[in-house]
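Please keep the sequence and the structure in view while reading.

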Amino acid sequence: MQICIKRGSDQIGGTAIELKSRNGQRIILDLGLPLDAEQNTVRLLPDIAGLNTSGGDIEGIIISHAHQDHYALGCHIHKDIPVYLSEAMLRIMEVSCQHHIPNSFVFNNVRFFHNRRFFTTGSFKITPYLVDHSAYDAYSFLIQADGKRLFYSGDFRSHGRKSKLFDSFINNPPEAVDLLLMEGSCLGRDQSTDYETETSLEDKFLAVFRKTSGLCIIQVSSQNIDRIVTIYRACKKSGRTLVMPSYNGHLLWSLNNPSLPGFTWADVRKFALEKKKGHETTPQELSCYPGKYVVLLNKFIFDTLRNQSMINEQSCFIYSMWNGYKELYRDRIEYIISRQAFMTDIHTSGHADITALKKFAEALSPARIVPVHTFFPLKFKELFKNVELRSDNETFEI
Ligand SMILES: [Zn+2]
Ligand SMILES: [Zn+2]
């Protein structure tokens, strides 16, 4: 089997990996938009034959999860290429499209895969493994062809709400892996070896909700379902009602998982200017009883709260995203400071810390490890055995 990392050997985001079997059949693992891309243009497509032409012979594109840095260049591919993903990933893409989220689109020729049920395309046998990650329904893959076994980690962690998946994986990992393509997002970012768990964040949210007498507002990614569950659980314990934008509610509903909070629950409400339905909460209600609510922000909600002077020294603002995105919210943060509201950060990474990466690599015990999805591939040499560094567009074999 030939492997070529088209993008991702020394960067986070924009991942695309081409695999070619002995008889010339090819599959692509992920087709992500680079994080530093100003626009999603066809010129960013990696140099892979047949990606946006008819009659190409690509057996399939395998998407690990619905983060744009893993699938969003897929809007440029030829519509007939089969795209393998999970049903939940497709729902996230569809709802994002319906709400006009930038760079959202829906693949044309989709085929669903399921956790730990192998499927074949061309000469490739692929087994998806559901993992713990900040994206809902994220997968690693065991890929077999030509008698060889490759494992692609995708993005994963061990400290989220699905940490049991990590534990059961390392207790019973796939055997005899010839090559591991493993993410290393945390390297060089944060040197702490053990990240905070989602469960411990729940206690932090709860403490802030309890000590705040006014409105609590939160900047959080709508697609970070684990975090929204964490916030909901803290709301429930504090007796506050969670108010969300319609996009969040639609996304949660579309995942068809009865354990996820939604607008049919008594303590979850949709933000609305006018009350037309029982599950809606208006700015007027928020200003009458600010201590009863926690509000997840989008631009419209923030502008409404600001225009009605509803953020004040009794309020709190919680930033619950990666620090790197803070600049995008500079205006909001400056306004909140000017209103003398209490501000704090409550967040943990969507990616594995060093301890988890080590456990993962030791459990799989591959013959070779090649870094992907990292800005610091050289660090792999210090931390893991049998590391081999490869550049973008370099072809190598197992
Ligand atoms: Zn990623
Ligand atoms: Zn991701």
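A crossover is called right-handed if, with the strands pointing away from the viewer, the path from the first strand over the helix to the second runs clockwise. Helices (H or I, at least four residues) and strands (E, at least two) are DSSP runs, numbered from the N terminus. The model is predicted: local features need pLDDT of at least 70, side-chain atom pairs count only at pLDDT 80 or more, and totals for chains, interfaces and linings use all residues. Residues are numbered from 1 along each chain as its sequence is written, while chains are lettered from A and ligands numbered from 1 in the order in which they are written.

**Parallel strands**

A right-handed β-α-β unit is formed by strand 17, helix 9 (residues 330–338) and strand 18. Two strands pair if DSSP finds at least two bridges between them.

| Strands | Bridges |
|---|---|
| Strand 12 (residues 216–219) and strand 16 | three |
| Strand 13 (residues 241–244) and strand 16 | three |
| Strand 12 and strand 17 | four |
| Strand 17 and strand 18 (residues 342–345) | four |

Within strand 16, Val294 stands opposite Cys216 and also opposite Leu242. In strand 17, Ile318 faces Ile218, and Tyr319 stands opposite Asp345 of strand 18.

In a regular strand the side chains alternate between the two faces of the sheet. A residue is buried if 20 or more other C-beta atoms lie within 10 Å of its own, exposed if 12 or fewer, and partly exposed in between, with C-beta atoms placed from the backbone. In strand 16 (residues 293–296), Tyr293 and Val295 lie on one side and Val294 and Leu296 on the other, and all are buried. Strand 17 (residues 316–319) likewise has Cys316 and Ile318 pointing one way and Phe317 and Tyr319 the other way, all of them buried.

**The mixed sheet**

An open sheet of six strands has the order 7-8-9-10-11-19, with mixed pairing. Strand 7 (119–121) and strand 19 (368–372) are its edge strands, each pairing on one side only. Strand 8 (residues 124–131) and strand 9 (residues 138–145) run antiparallel and are joined by seven bridges. Val131 has Ala138 in strand 9 as its bridge partner.

**A residue of helix 10**

Is Glu362 buried or exposed? Glu362 belongs to helix 10 (residues 354–364) and is exposed, because 12 other C-beta atoms lie within 10 Å. The C-alpha atoms of Glu362 and Pro173 are separated by 10.0 Å, although these residues are 189 residues apart along the chain.
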